[in-house]
Amino acid sequence: IMPPLLISLLMGAVVYSVSFIGLSSLITLIIQIVVGVGLYIILTKLFNTKSFNYLVNAMKEMYNSKKN
């Protein structure tokens, strides 16, 4: 439970801090989405969370089954 919670809190803090840059709302939103997704993926790989690994493997299996 702790690694996913820590990852989410850290991602939320970083994404929230992007709002203080002072850009337009649309640009800020786009940057927040990109930073949030990228940071979450990097941190889940760093912490090697089981739930993210399960999700990635399930998506790979679905892709491979549709490919064949």
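This is a predicted model: local features need pLDDT of at least 70, side-chain atom pairs count only at pLDDT 80 or more; totals for chains, interfaces and linings use all residues.
I started with helix α2 and listed its buried residues: Thr 28, Gln 32, Gly 36, Leu 43 and Thr 44. Buried here means under 20% relative accessible area, exposed means over 50%, and partly exposed is in between (1.4 Å probe, protein chains only). The areas come from the Shrake-Rupley method with a 1.4 Å probe, and for residues only the protein chains shown count as cover.

Residues are numbered from 1 along each chain as its sequence is written, and side-chain values use heavy atoms, with hydrogens and water left out.

**Helix α2**

I looked up what sits over those buried residues, and the cover includes α1 (2-18) and α3. Contact means heavy atoms within 4.5 Å. Helices are DSSP runs (H or I, at least four residues), numbered from the N terminus. Next I checked the length of α2: its 23 residues should span 33 Å at 1.5 Å a residue, and its end C-alpha atoms are 32 Å apart, so the two agree. The expected span is 1.5 Å times one less than the number of residues.

**The loop after α2**

Asn 48 lies in the loop between α2 and α3. Just after α2, this residue takes a positive phi of about 50°, and Asn 48 is not a glycine. I have Asn 48 down as exposed because its relative accessible area is 52%.

Is Thr 49 buried or exposed? Thr 49 counts as buried, because its relative accessibility is 8%. This residue is also in the α2-α3 loop. Leaving out residues up to four places away in sequence, Thr 49 touches Pro 3, Ile 7 and Thr 44. Thr 44 is also one of the buried residues of α2.

**Helix α3**

I then went through α3 (residues 50-67), which has 18 residues and reaches 26 Å from its first C-alpha to its last, close to the 26 Å expected. This helix is hardly covered: one of its 18 residues is buried. Tyr 63 lies in α3 and is exposed, because its relative accessible area is 55%. I also took a distance from Tyr 63 to Pro 4: they are 59 residues apart along the chain, and their C-alpha atoms are separated by 26 Å.

**Surface bits**

I found a nonpolar surface patch of about 570 Å², made by Ile 21, Leu 23, Leu 26, Ile 27, Ile 30 and Val 34. Leu 26 lies in α2 (residues 25-47) and counts as exposed because its relative accessibility is 57%.

How many aromatic pairs does a search of the whole structure find? The search finds one. The pair is Tyr 16 and Phe 20, edge-to-face, with 5.2 Å centre to centre and 90° between the planes. Both residues are exposed.

Methods:
Patches are made of residues with over 30% relative accessible area and no salt bridge: like charges are joined within 9 Å, nonpolar side chains (Val, Leu, Ile, Met, Phe, Trp, Tyr) within 5 Å. A salt bridge is a side-chain nitrogen of Lys or Arg within 4 Å of a carboxyl oxygen of Asp or Glu. Helices (H or I, at least four residues) and strands (E, at least two) are DSSP runs, numbered from the N terminus. Rings of Phe, Tyr and Trp (its six-membered ring) pair if their centres lie within 6.5 Å; planes under 30 degrees apart count as stacked, over 60 as edge-to-face and the rest as tilted.
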